[in-house]
Amino acid sequence: MIVNSTSPVVSPLGWFGIVRLGLVQTSLGAIVVLATSTLNRVMVVELALPAMLPGALVAIHYAIQLLRPRWGYSSDQGGRSTPWIIAGMATLCLGGVTAALATALMATNLPAGIALAIVGFVMIGIGVGAAGTSLLVLLAKRVVAERRAAAATIVWVMMIAGFIVTAGTAGHFLDPFSPERLVAVTAAVAAIAFSLSLVAVAGVEGNHGTRTEATASAHPKHAAVPFRTALAEVWQETEARRFTIFVFVSMLAYSAQDLILEPYAGAVFGYTPGQSTQLAGVQNGGVLSGMIMVAVVASLLPGGVLGSLRFWTVSGCLASAVALFGIAAAGIVGPAAPLKLAVFLLGLANGAFAVAAIGSMMALAGKGRSSREGVRMGIWGAAQAIAFGAGGLIGAIAADVMKLILGSPAAAYIAVFSIEALLFVVAAALALTVGNVQAGSRRQQPVEAFGTNVLAGVAD
């Protein structure tokens with residue numbers, strides 16, 4: 001066994017350690033929800049600015065995440081993820097406060113406020129990319145295969161919890177609204193988020209880069225190479241390249257309905273703004289249920305088909321396609337159709353495929369040339385960010401184009417949802433080409449089943 005002296009072999013991360021790292025996702029979600037939701041609303045409603053302004057700022061934060069492979073490479077070269085998580089969270093928190101200050105400034109000096117907002121959202125993009133990529137790399141290195149689906153569920157549920165808790169708490173303290181109060185609340189959330197992140201990562205990785213015994217034996221550390229060389233080496237790996245394409249297509253399909261589902265409910269089914277907002281809650285509830293379902297079922301039925309990450313990835317994509325076809329068909333039936341049920345099932349399927357895909361991502365990060373986990377995770381993160389940034393916009397543009405072609409809002413939305421469903425079918429076909437995720441020999445099949453009791457092994 002070849003082990004680098006600066007990367008001591010350590011025991012795999014236990015459930016308590018996974019939950020601790022999930023607190024980083026909670027903190028990350030807390031800042032992101034303020035930047036993409038609260039500041040968005042303030043610009044459009046309180047300041048009466050065009051909706052395209054916050055839309056463009058959010059797009060900037062996604063575009064900056066194209067640099068994820070570079071941050072992952074730096075994490076690989078240093079052999080440690082913790083410094084990049086801390087630096088990323090510091091940048092994210094400062095970016096959130098800067099964006100809030102910019103929003104307040106817009107009320108008195110719009111050009112200066114927009115210029116400062118661009119700086120803030122660039123910092124947010126850098127922070128999300130650096131912290132998020134490095135966190136997944138650390139999880140990929142420290143979580144054994146049997147726990148990856150559950151680990152993915154835990155950290156993503158905790159991120160959503162960050163959305164929910166921050167939205168509710170910050171919303172309470174923002175009333176009565178004033179620009180000064182907006183900055184104060186954002187600064188308080190940022191301070192709490194950064195402090196929580198420091199506590200979460202303290203001691204998890206140690207003073208040196210950490211590697212499990214299996215990782216250390218399979219992947220001895222190689223000499224450093226330039227970033228472009230490392231990127232080219234990873235892109236030449238067939239499995240990494242296929243998975244990148246899968247991530248892009250599936251996440252494009254996942255996000256393409258973001259900006260059209262609520263308008264669809266209003267235009268075709270007569271939903272009020274309040275009812276359409278509740279519909280988004282139904283969908284998010286389905287996503288959480290799907291994520292939890294994968295972890296629980298795979299835990300109760302370890303091994304075999306239901307313990308396979310690929311089964312849940314493919315099935316989730318196909319089920320998402322069926323749900324989208326159902327949402328499209330509801331438009332033909334009209335207001336009597338069970339739209340809420342179809343939307344819940346879409347969320348359920350989305351959650352199942354997403355958590356399985358994230359688990360596969362963690363498994364595949366260490367498969368291939370050694371010391372490239374960060375680069376692989378960065379490439380996949382960049383593909384996801386591009387797809388998310390483009391998906392909602394493409395869906396909205398497609399709906400407008402279809403309205404011009406078909407002359408009917410209902411027909412336009414039905415056509416777009418049907419196209420999104422076909423994208424999920426393509427994603428399912430792509431998922432079948434990536435990795436061997438059947439349960440079996442752990443040493444021979446790195447991308448494998450999650451099959452251990454989620455209540456066991458709570459010690460770090």
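I take contact to mean heavy atoms within 4.5 Å. I also note that the model is predicted.

I located S197 in helix α7, which covers residues 179-201. Is S197 buried or exposed? I found a relative accessibility of 4% for S197, and because buried means under 20%, S197 counts as buried. I then looked up its contacts, leaving aside neighbours within four places in sequence, and listed V24, S27 and M89. With S27 there is also a polar contact, side chain to side chain, at 3.4 Å.

Entry two: aromatic pairs. How many aromatic pairs does the structure hold? I noted 11 of them. One of these joins Y254 and F388 edge-to-face, with 5.7 Å centre to centre and 65 degrees between the planes. I recorded that this pair links distant parts of the chain, 134 residues apart: Y254 belongs to helix α10 (residues 238-255) and F388 to helix α15 (residues 373-406).

I next examined F269 and Y271. Their ring centres lie 6.4 Å apart and their planes meet at 70 degrees, so I classed the pair as edge-to-face. F269 is buried, at 9% relative accessibility. Which residues do ring pairs link into a cluster? I wrote down Y264, F269, Y271, Y413 and F417.

I found R70 over the face of F227, at 5.4 Å from the ring centre.

Terms used: Residues are numbered from 1 along each chain as its sequence is written. This is a predicted model: local features need pLDDT of at least 70, side-chain atom pairs count only at pLDDT 80 or more; totals for chains, interfaces and linings use all residues. Side-chain values use heavy atoms; hydrogens and water are left out. Helices (H or I, at least four residues) and strands (E, at least two) are DSSP runs, numbered from the N terminus. Buried means under 20% relative accessible area, exposed over 50%, partly exposed in between (1.4 Å probe, protein chains only). A polar contact is a pair of N or O atoms within 3.5 Å; within protein, one must be able to donate a hydrogen and the other to accept it, and residues adjacent in sequence count only if both atoms are side-chain atoms. Rings of Phe, Tyr and Trp (its six-membered ring) pair if their centres lie within 6.5 Å; planes under 30 degrees apart count as stacked, over 60 as edge-to-face and the rest as tilted. A charge sits over a ring if NZ of Lys or CZ of Arg is within 6 Å of the ring centre and within 35 degrees of the ring normal.
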